[in-house]
Amino acid sequence: MSSSSPVLWYAGQATGVVSLVLFSAVTVLGVTVQMRGRLPGLPRFGTVTLHRTLSMLAMVFLAIHIVTAVADSYVNISLVDSVVPFVSDFQPLWLGLGTVGFDLLLAVIVTSVLRARIGHRVWRAVHWLAYASWPVAVVHGLTLGSGTGGMASGVALWLTVACVAAVLAAVAVRIRVALRPSAPETPAALLARSESVDAAHRTAAAAPAREYADTRKGA
């Protein structure tokens, strides 16, 4: 049952902006991981772990954003509108872009859960959809950022600009590194680099289990 209240409206607006900020941070971290980089003070697997944790947190805020948008009767958005793009009576194009971004992220999550079954190559190919979902989410946020069907303004607008600047800077660095002349990598070096990335992901995935085991030993 839908209802309209200031709490739902503000919750929908706030979680939408926070989701964009978190997904922008995830995108920047993803570019960093692809460059085999790490954040100051963190080992490589720590950067991967942070990337994964922020991804999960962003999905939580995105889920709250969708639920509050559907529950708030201030605008007519149904549950179907949140998963099927461009069918809403309310701003079908701009709302549909948000739905497309959500569906792309949903595909990434499903394939991540099934990664052991579908293989690393398929998972990696689908994982690129996460990068495609980011610009879609930016356009969605800019065009519907007012919460009343209008363009974003004020804090929401400036946060969006900051997110775009951060991601573009990370991409520029990535392109600069890719274009930098370097000696051709041998097959052994390529294999070692691939194994390094996979090892970082495996270490990040195993970290919670090790922490739990250490806790049990301490008890």
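A: Helices (H or I, at least four residues) and strands (E, at least two) are taken as DSSP runs and numbered from the N terminus. The model is a predicted one, in which local features need pLDDT of at least 70 and side-chain atom pairs count only at pLDDT 80 or more, whereas totals for chains, interfaces and linings use all residues. Residues are numbered from 1 along each chain as its sequence is written, and side-chain values use heavy atoms, with hydrogens and water left out.

Q: How many helices and how many strands are there in the chain?

A: The chain has 8 helices and 0 strands, and from the N terminus on its elements run α-α-α-α-α-α-α-α.

Q: What does UniProt list for "transmembrane region"?

A: UniProt positions are given in the numbering used here, with feature names shortened, and annotations may be inferred rather than shown by experiment. The unreviewed UniProt entry lists residues 12–33, 54–74, 94–114, 126–143 and 155–173 under that name. In the model, residues 12–33 are 100% helix and 0% strand, with end C-alpha atoms 31 Å apart; residues 155–173 are likewise 100% helix and 0% strand, and their end C-alpha atoms lie 27 Å apart.

Q: How should I read burial, and what share of the 219 residues in the chain is buried?

A: Buried means under 20% relative accessible area, exposed means over 50%, and partly exposed lies in between, using a 1.4 Å probe and protein chains only. Here buried residues make up 32% of the 219 residues.

Q: Which residues have the most contacts inside the largest nonpolar core?

A: A nonpolar core is a set of buried Ala, Val, Leu, Ile, Met, Phe, Trp, Tyr and Cys residues joined through side-chain atoms within 4.5 Å. The largest one has 17 residues, and those with the most contacts inside it are Phe23, Met59, Leu62 and Ile77. The elements that give two or more residues to this core are α1 (6–34), α2 (44–71) and α3 (92–113), with α2 giving the most, 6 residues.

Q: Which residues does phenylalanine 23 touch?

A: Contact means heavy atoms within 4.5 Å. Leaving out residues up to four places away in sequence, phenylalanine 23 touches Ala58, Met59, Leu62, Leu105 and Trp134. Over the chain, among contacts between residues at least 6 apart in sequence, 62% join residues at least 24 apart.

Q: Which residues form the nonpolar patch on the surface?

A: Patches are made of residues with over 30% relative accessible area and no salt bridge, where like charges are joined within 9 Å and nonpolar side chains (Val, Leu, Ile, Met, Phe, Trp, Tyr) within 5 Å. A salt bridge is a side-chain nitrogen of Lys or Arg within 4 Å of a carboxyl oxygen of Asp or Glu, and accessible areas come from the Shrake-Rupley method with a 1.4 Å probe, only the protein chains shown counting as cover for residues. The patch consists of Leu106, Ile109, Val110, Val113, Leu114, Ile118 and Val122, with about 540 Å² of accessible area together, and its largest share, 4 residues, comes from α3.

Q: Why does isoleucine 109 count as partly exposed?

A: Isoleucine 109, in helix α3, counts as partly exposed because its relative accessibility is 35%. Its C-alpha is 9.4 Å from that of methionine 56, 53 residues apart in sequence.

Q: Where is methionine 35 placed?

A: Methionine 35 is in the loop between α1 and α2 and, at 27% relative accessibility, is partly exposed.
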